[in-house]
Amino acid sequence: MKYVSTRGEAPEVGFSDVLLTGLAPDGGLYVPRQWPRLRSDEIGGFAGRPYADVAADILGRFCADEIESTALQQMCREAYASFRHPAVAPLIQLDSNAWLLELFRGPTFAFKDLAMQLLSRLMDHVLTARGRRATIVAATSGDTGGSATEAFRGKANVDLFVLFPKGRVSPVQQRQMTTVADANVHAIAIDGSFDDCQALVKGLFGNRRLRRSLSLAAVNSINWARIVAQTAYYFTASVALGGPARALSFCVPTGNFGDIFAGFVASEMGLPIERLVIATNSNDILARALQTGRYELRDVVPTASPSMDIQISSNFERLLWQASASEGAQVRRAMNQMQQSDAFVIEPAALAWIRERFSADSASESEMAATMSKTLDETGYLADPHTSVALAVAGKQASNANAGPMVTLATAHPAKFPNAVEAATGRRPTPPAEIAELEDREERFIILENDLAGLERHIEENARGASLEA
């Protein structure tokens, strides 16, 4: 299978190159030239199978010509062996037609673990085969950094640099990045927002000399392998609730658009999905874009759901490419307009195409808190702020949905946000031992200005180069 850039000006490459580069040379994001399709009987055959086996089957359809199936199956089994539930991503029923898909049973108690634990093994496998070292850079609004740190810590052929917005992640999220002693992990607090961190990462990839000399790689959801790994739980949730004979709807707390785009990928592969619901917090650029057709940046407002405090949702570019009939020129125009004026207008045909498949709404801070409290009172379930945003939006969408179940993605453990949970419900979540012990660890990070040149100097001074002999 070959991959192309959303901006249409980069050569086609294979899965391993996509895995190790992340961002295309023309600034676009990689997408498969064509979607692998599953028959209904193949989807139905996932019922009762271990999660790792389903993940290996899905991922194998995107890389089977480059990674041997036995090795891929072993990597998937290792990636999910440490998860704290035998189902890996269990379903919790809230009422007759509402379900939660718990995605936080991994080592850092966030949904990012489902992709990151597998991604680290895939990258290690390819780097070892090629005799190379990689310098990984990641921007995080909270959970990606901790998940990447846990997945890549101690890796001999990887240096990891994690950028997070200073003072804009929860204390638990920060400590998951900054209390790791492994020498290959470098946590960097940027004096700015997540969008600033993300822009710096893209700026690093725009430096061709640095990109080549340090073999830069990305593990944000701009990396296609992250998206594919997340696609698996849409299939497992569907078959557990009667799919593919009936279609589900999914409501997803959305920041960088990767998690919900994985649901779109599942639908393109043949999984019946009634509706994909984009749930945003007060930083509601995606909800506004679908309502008005204008994607317009505004200032980021800090909220109790910091992983969603984003205005530039990178993976929306992948959807825009798909909605534009794979026209790289349309995507380039839109991205150029956004760079020049912080906004672009979605072409009418593309907007109509997106609206057929997606709904979107937002939940304010007060709506989020009220939903968290109501969910606890009525069901006994304590949800984190991000999940509560999605539950609030799912409630608004319920009257518009058909008879099929609505599955809300639960993306983080409430103990990662104890102050917000206590403020909303009066109950302080009991932290798992792995979170509680973070308080006793010494933090190790540096603070940098929002300056690309300064960041480049820091990485060059601390990275070990691109070959295993370096």
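Me: Is helix α3 largely enclosed or largely open, and how many of its 13 residues are buried?
Reply: Largely enclosed by the rest of the structure, because 11 of its 13 residues are buried. Buried means under 20% relative accessible area, exposed means over 50%, and partly exposed lies in between (1.4 Å probe, protein chains only). This is a predicted model: local features need pLDDT of at least 70, side-chain atom pairs count only at pLDDT 80 or more, and totals for chains, interfaces and linings use all residues. Residues are numbered from 1 along each chain as its sequence is written, and side-chain values use heavy atoms, with hydrogens and water left out.

Me: Which α3 residues are buried?
Reply: Among them are Y51, D53, I58, F62 and C63. Helices here are DSSP runs (H or I, at least four residues), strands likewise (E, at least two), numbered from the N terminus.

Me: What span should α3 have, at 1.5 Å a residue?
Reply: 18 Å for residues 51–63, and the end C-alpha atoms are 18 Å apart, so the two agree. The expected span is 1.5 Å times one less than the number of residues.

Me: New topic. Which residues touch the most other members of the largest nonpolar core?
Reply: F152 and W224, in a core of 115 residues. Helix α10 (residues 224–240) gives the most to this core, with 11 residues. A nonpolar core is a set of buried Ala, Val, Leu, Ile, Met, Phe, Trp, Tyr and Cys residues joined through side-chain atoms within 4.5 Å.

Me: What is W224 in contact with, beyond four places in sequence?
Reply: Its partners include Y3, F15, W35, F62, F261 and R318. Contact means heavy atoms within 4.5 Å. F62 is also one of the buried α3 residues.

Me: How many residues are in the second, separate core?
Reply: 24, including A139, V201, L214 and A463.

Me: On to rings. How many aromatic pairs are there?
Reply: 18. Rings of Phe, Tyr and Trp (its six-membered ring) pair if their centres lie within 6.5 Å; planes under 30 degrees apart count as stacked, over 60 as edge-to-face and the rest as tilted.

Me: Why is the F164 and F445 pair called tilted?
Reply: Because the planes are at 55 degrees, with the centres 6.0 Å apart. F164 sits in strand β6 and F445 in the loop between α19 and β15, 281 residues apart.

Me: Buried or exposed, those two?
Reply: F164 is buried at 0% relative accessibility. F445 is partly exposed at 33%.

Me: What about F257 and F316?
Reply: Edge-to-face, 5.5 Å centre to centre, with 80 degrees between the planes. F257 is buried at 1%, and F316 is buried at 2%.
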